[in-house]
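Thanks for coming. I have one structure to go through, and I will keep to what can be read from the coordinates.

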Amino acid sequence: MTGARWELLPHGADVGVCGIGRSKAEAFEQAGLALTAVVTDPKTVAAENSVEISCAAPDDELLLVEWLNALIYEMATRQMLFSRFEVRIDDHQLLAKAWGEMIDVNRHETAVEVKGATCTELKVAQNANGEWRAQCIVDV
């Protein structure tokens, strides 16, 4: 098992986000970072202010969609980008803190706007090595 990380997955006109971690919560945190990476380089985003986020769903896959859509909502309404996440998951209930800052067009080279997380290629699962993978396609 390797460390926590995120990946962007190619997908036609949209983009796939994937978080990989030692726990389901860590995979969700990394999926949040991958979401930021669709918009801009997460390394350019300072973790200055925190926002609390909570959501629930009937299963892990739909919980990932709810989580990412909650982040997209916070990014849009607060005009913020996030670079650090702390996620707790308990029986399909997610409580999280996201740290970030206001969008600064002089420092954050924004690529695209994410409209929403979808159920396309949606997967939350633990592999044989014990790593958790949380992925889906986001509409851009």
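This is a predicted model: local features need pLDDT of at least 70, side-chain atom pairs count only at pLDDT 80 or more; totals for chains, interfaces and linings use all residues.

With a relative accessible area of 13%, E26 is buried. If we set aside the neighbours within four places in sequence, E26 is in contact with A4 and G21.

Staying in helix α1, the next residue is T36. T36 is also a buried residue, and its relative accessible area is 1%. Not counting residues up to four places away in sequence, T36 touches P42, V45, F82 and F85.

Now the helix pair. Helix α1 covers residues 24-39 and helix α2 covers residues 60-78. Their axes come within 11 Å and cross at roughly 40 degrees. Therefore α1 and α2 count as oblique to each other; the roughly parallel class would need an angle under 35 degrees. As for handedness, α1 passes α2 in a right-handed crossing.

Which residues of α1 and α2 meet? On the α1 side they are K24, F28, A31, G32, L35 and V39. On the α2 side they are D60, L63, L64, W67, L68, L71, I72 and M75. Sorted by class, the contact of α1 with α2 has 11 nonpolar residues, one polar residue and two charged residues.

Helix α2 also holds E74. Is E74 buried or exposed? E74 is buried, at 12% relative accessible area. Its contacts, leaving aside neighbours within four places in sequence, are V51, I53, Q79, M80 and F82. F82 is also among the residues that T36 touches.

Next, the backbone. What is the phi of D91? The phi of D91 is near 50 degrees, which is a positive value in a residue other than glycine. D91 is placed in the loop between β4, residues 80-90, and β5, residues 93-102. D91 is exposed, with a relative accessible area of 65%. Between D91 and E29, which are 62 residues apart along the chain, the C-alpha separation is 17 Å.

The other residue is E121, with a positive phi of about 50 degrees although it is not a glycine. Where is E121 placed? E121 is in the loop between β6, residues 116-117, and β7, residues 123-126. At 41% relative accessibility, E121 counts as partly exposed.

The loop between β6 and β7 also contains T120. T120 is partly exposed, at 36% relative accessibility. Leaving out residues up to four places away in sequence, T120 touches H11, C136 and I137. T120 and G16 are 104 residues apart in sequence, and their C-alpha atoms are 8.9 Å apart in space.

How many disulfides does the structure hold? The number is zero. To see why, take C55 and C136 in turn. The cysteine sulfur closest to that of C55 is in C136, at 12 Å, so the two are too far apart for a bond. For C136, the closest cysteine sulfur is in C119, at 7.9 Å, and that is again too far for a bond. The cut-off used for a disulfide is a pair of cysteine sulfur atoms within 2.5 Å.

Is C55 buried or exposed? C55 is buried, at 11% relative accessibility. C136 is buried as well, with a relative accessible area of 1%.

To go back over the main points: α1 and α2 cross at roughly 40 degrees, in a right-handed sense. D91 and E121 have positive phi values without being glycines. There are zero disulfides. That is what I have, and I can take questions now.

Notes: Residues are numbered from 1 along each chain as its sequence is written. Side-chain values use heavy atoms; hydrogens and water are left out. Buried means under 20% relative accessible area, exposed over 50%, partly exposed in between (1.4 Å probe, protein chains only). Axes are lines fitted to C-alpha atoms, for helices over the stretch in contact, and angles run from 0 to 180 degrees between N-to-C directions. Helices (H or I, at least four residues) and strands (E, at least two) are DSSP runs, numbered from the N terminus. Angles under 35 degrees count as roughly parallel, over 145 as roughly antiparallel, 65 to 115 as roughly perpendicular and the rest as oblique. A crossing is left-handed if the near helix is turned anticlockwise from the far one by less than a right angle, and right-handed if clockwise. Contact means heavy atoms within 4.5 Å. Ala, Val, Leu, Ile, Met, Phe, Trp, Tyr, Cys and Pro count as nonpolar, Asp, Glu, Lys and Arg as charged, and the others, Gly among them, as polar.
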